[in-house]
Amino acid sequence: ERVRQIYETAKRTVDLCAAGEYLWDGVKRDRLVWIGDIHPEMLALTSLYGRLPLIERSLDFVKDQTPLPTWMNNFPTYSLWWMIIVADYYKRTGAEGFARKQISYLKGLLAQVDGCVSEEGEMHFPAYFLDWPTYETPDAVRGVRAIAIIAANSAAELLKTFGEDGTLAENLARKLRLQAVGSTESKAVLGLKHFAVGLDEEDKALLTKDGAKGMSTFMSYYILKAVASFDREKAVAMMKEYYGEMLDKGAT
């Protein structure tokens, strides 16, 4: 019953975000297309409805508003998220025509990102943003490295799917892995680390320490998916603790 309540409230939330011509980062704030936030929204909406023109419109919009070498929403991380979203959206929907239209921009963006990473794997982005709890902390840099690895792997896979050369993307991922994501108690970083390079036993212990403490809404998918990779029951318990408390406080 608790899981059903969480599911239905989550569905209502993302439906509100998808009520306009573009996918919003919630009606709580503004009506801009904040591309980083759209990855979990895209996962939710494609799980509910499959392929949606709204998502494609939003991805095209932010691309058209961001000629290279500008970064999407002025965050390098958000351009990385765009690559991940396009690749994951194609995998989930098979929207071949839409994905193929993104290849030219993707290749230019990939070269731009590669120019920010040295042969030794050192990152030289103009800014490092993961989420607000880690803002201007070492965990932000660790998180950006994890996102960059995921983005490079996603780009390589998508390019090869369409018969394009994925060497640059593969080499970028290799360079980024030369330096470790690093040890951290940030559940957001650990959740992304699972997708980027995998978790060791210490990481797993830190992810489940104190239950849902340290979770955030933006990063909850990555955290819970990481926990579920080694303890599904614990992942469900953390979800019920975090979102169940919101329902108890009157969240709609």
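## Helix packing, salt bridges and selected residues

K193 has its place in helix 9 (residues 187-196), where helices (H or I, at least four residues) and strands (E, at least two) are DSSP runs numbered from the N terminus. The model is a predicted one, in which local features need pLDDT of at least 70 and side-chain atom pairs count only at pLDDT 80 or more, while totals for chains, interfaces and linings use all residues. Residues are numbered from 1 along each chain as its sequence is written, and side-chain values use heavy atoms, with hydrogens and water left out.

### Individual residues

With a relative accessible area of 10%, K193 is buried; in this scheme buried means under 20% relative accessible area, exposed means over 50%, and partly exposed lies in between (1.4 Å probe, protein chains only). When its neighbours within four places in sequence are left aside, K193 is in contact with A146, V181, G182, G198, L199 and D203, contact meaning heavy atoms within 4.5 Å.

Which residues does T46 touch, not counting residues up to four places away in sequence? They are I55, Y89, R92 and T93. T46 lies in helix 2 (residues 38-49) and counts as buried, at 9% relative accessibility. R92, one of the residues that T46 touches, lies in helix 4 (residues 76-93) and counts as partly exposed, at 40% relative accessibility. Residues up to four places away in sequence again not being counted, R92 touches M42, L43, T46 and S47. R92 and G50 are 42 residues apart in sequence, and their C-alpha atoms are 7.5 Å apart in space.

R57 is found in helix 3 and, at 33% relative accessibility, counts as partly exposed. Residues up to four places away in sequence being set aside, R57 touches E21 and Y22. Along the chain R57 and E21 are 36 residues apart, and 8.0 Å separates their C-alpha atoms.

### Salt bridges

Side chains of opposite charge can pair when their charged atoms come close. The structure holds 19 salt bridges, a salt bridge being a side-chain nitrogen of Lys or Arg within 4 Å of a carboxyl oxygen of Asp or Glu. The table gives some of them.

| Salt bridge | Distance between closest N and O atoms |
|---|---|
| D60 and K63 | 3.5 Å |
| E96 and R100 | 2.9 Å |
| K204 and E201 | 3.3 Å |

D60 and K63 are separated by about one helical turn, because they are three residues apart in helix 3 (residues 53-64), and both D60 and K63 are buried. E96 and R100 lie four residues apart in helix 5 (residues 96-101), which is about one turn of the helix; E96 is partly exposed at 39% relative accessibility, and R100 is partly exposed with a relative accessible area of 44%. In helix 10 (residues 201-208), K204 and E201 are three residues apart, about one turn of the helix, and E201 counts as exposed at 59% relative accessibility.

### Packing around helix 12

Two packed helices are described by the angle between their axes and the distance between the axes. The axes of helix 11 (residues 220-228) and helix 12 (residues 232-248) cross at roughly 150° and come within 7 Å; axes are lines fitted to C-alpha atoms, for helices over the stretch in contact, and angles run from 0 to 180 degrees between N-to-C directions. Helix 11 is therefore roughly antiparallel to helix 12, since angles over 145 degrees count as roughly antiparallel, those under 35 as roughly parallel, those from 65 to 115 as roughly perpendicular and the rest as oblique. On the side of helix 11 the contact is made by S220, I223, L224, V227 and A228, and on the side of helix 12 by R232, K234, A235, M238, M239 and Y243. By class, this contact has eight nonpolar, one polar and two charged residues, where Ala, Val, Leu, Ile, Met, Phe, Trp, Tyr, Cys and Pro count as nonpolar, Asp, Glu, Lys and Arg as charged, and the others, Gly among them, as polar.

Helix 1 (residues 2-17) also meets helix 12, their axes coming within 10 Å and crossing at roughly 65°, so helix 1 and helix 12 are roughly perpendicular to each other. R2, V3, Q5, I6 and T9 in helix 1 meet V236, M239, K240, Y243, G244, L247 and D248 in helix 12, and the residues of this contact divide into six nonpolar, three polar and three charged.
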